[in-house]
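Visitor: Please show me the structure. I have a few questions about it.

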Amino acid sequence: PHRQQPVRTKASLSTWSQERSMKWLVLLGLVALSECIVIIPLTKMKTMGEILSENNLLNIFMKEHTYRLSQTSTGNSNITSLPMRNFLDLIYVGNITIGTPPQEFQVVIDTGSSDLWVSSIFCTSPACYKHNTFKYNESSTYRPTQETFNIIYGSGIIKGLLAYDTIRIGDLAITDQPFGLSLEEYGFESAPFDGILGLNYPHMSAIGAIPIFDNLKKQGAISEPVFAFYLSKCRGKDSVVMFGGVDKAYYMGELKWLTQAGDWRVNMDHISMKRKVIACSGGCHAVLDTGTSLIQGPTSLVNNIQRLIRATPHGFKHYISCFAINILPSLVFTINGINYPVPARAYIFKDSQGHCFATFRGGTEQDNISETWVLGEVFLRLYFSVFDRGNDRIGLAQAV
């Protein structure tokens, strides 16, 4: 989310991102009728490490449960809802189509980036053979360019070619939308998605193209320049991203609005535990990022939190007794005078071997001059989030 400004030339565009341990998140949308809200459920996927160890089971599941875009009506005739598979873990993936006739792709919907890219038949990397690839020669609305780009993530690199085509989400469509076609992919061999769809501001674009949400506004597809996320934490309710409005059925109480600076970054007062400030003591920045699984911050401050909860480092994770979930205090993020507690049951995960680990990670100091925290899915599962481009603000309320 806090990348350096992309360095752009006519033939090459690049961007640098901080981490993203699983900075893969979530979904996209568009609205075809000016007065409707479109809701696209998201799929919760397994962590990269577990997919590596369970890849055959995942492939079998995918083949036996082939998903096709379909429309399910809800009680509100203005809402379109698309059911999606839920793998009950950390990555949220939604389905879109590209081209005419439509070709289907599973993508992460990411508020930490601005671009859409998918694997393509141009790509010769091993990762592309494991994903759905866009076949340009099968689309009558495809428009090529000679402009190339590079996107460097913490977990991989994408090199690609800029193109234009029609993007569809549910029964909505955006015509002549710029997007990236991968030529090379490194680090995505076991990723359970075909691409990423960014919902950040245009100035964050690595490929120098108008983002999908901006085209939604430009083409008059949405009545309000707003999108919102509900990220599920159980089997009972599908995750959704909605465009053009907000469905109050997904949150309790009133939305609390926070002013942000144009990249989904807000000013945070402090972080506390047991009423004692343990980080962000003089105020800091917080980025709300649907594409990041964990809670991230400066390494020294994160290490202090790990010590406070007595988590022990082993490899890339800090492990802790699973019994601690019932006794550890909440971590409280105070933003604009409002407390947003994250209980231990939310910030401690159990892996496939039954071991528990803390979901904190350092490293934000590498790309930020001032103290910055990234509030990823660990936080956003607890709080329904509204991203209001019209007023440059973020709304939060307790999720149902």
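Guide: Start with the contacts of one residue in this predicted model. Leaving aside neighbours within four places in sequence, Glu189 is in contact with Ala127, Lys130 and His131.

Visitor: Where is Glu189 found?

Guide: Look at two strands, β11 (172–186) and β12 (195–198). Glu189 is found in the loop between β11 and β12.

Visitor: Is Glu189 buried, partly exposed or exposed?

Guide: Its relative accessible area is 29%. Buried means under 20%, and exposed means over 50%. Glu189 lies in between, so it is partly exposed.

Visitor: How far apart in space are Glu189 and Cys128, C-alpha to C-alpha?

Guide: In sequence, Glu189 and Cys128 are 61 residues apart. In space, the C-alpha to C-alpha distance is 7.5 Å.

Visitor: Which backbone nitrogen lies 3.3 Å from a polar atom of the side chain of Glu189?

Guide: The cut-off for a polar contact is 3.5 Å. The distance here is 3.3 Å, and the backbone nitrogen belongs to Gly187.

Visitor: Which residues form the covered face of strand β22?

Guide: In a regular strand the side chains alternate between the two faces of the sheet. In β22 (residues 317–320), Lys317 and Tyr319 are on the uncovered face. The covered face has His318 and Ile320.

Visitor: What is the bridge partner of Pro313 in β22?

Guide: Strand β21 (residues 312–314) runs antiparallel to β22, joined by 3 bridges. The two form a hairpin with 2 residues between them. In β22, the partner of Pro313 is His318.

Visitor: And what is the bridge partner of Tyr319 in β26?

Guide: β22 and β26 (residues 356–358) run antiparallel, with 2 bridges. In β26, Tyr319 is partnered by Phe357.

Definitions and conventions
Residues are numbered from 1 along each chain as its sequence is written. This is a predicted model: local features need pLDDT of at least 70, side-chain atom pairs count only at pLDDT 80 or more; totals for chains, interfaces and linings use all residues. Side-chain values use heavy atoms; hydrogens and water are left out. Helices (H or I, at least four residues) and strands (E, at least two) are DSSP runs, numbered from the N terminus. Buried means under 20% relative accessible area, exposed over 50%, partly exposed in between (1.4 Å probe, protein chains only). Contact means heavy atoms within 4.5 Å. A polar contact is a pair of N or O atoms within 3.5 Å; within protein, one must be able to donate a hydrogen and the other to accept it, and residues adjacent in sequence count only if both atoms are side-chain atoms. Two strands pair if DSSP finds at least two bridges between them.
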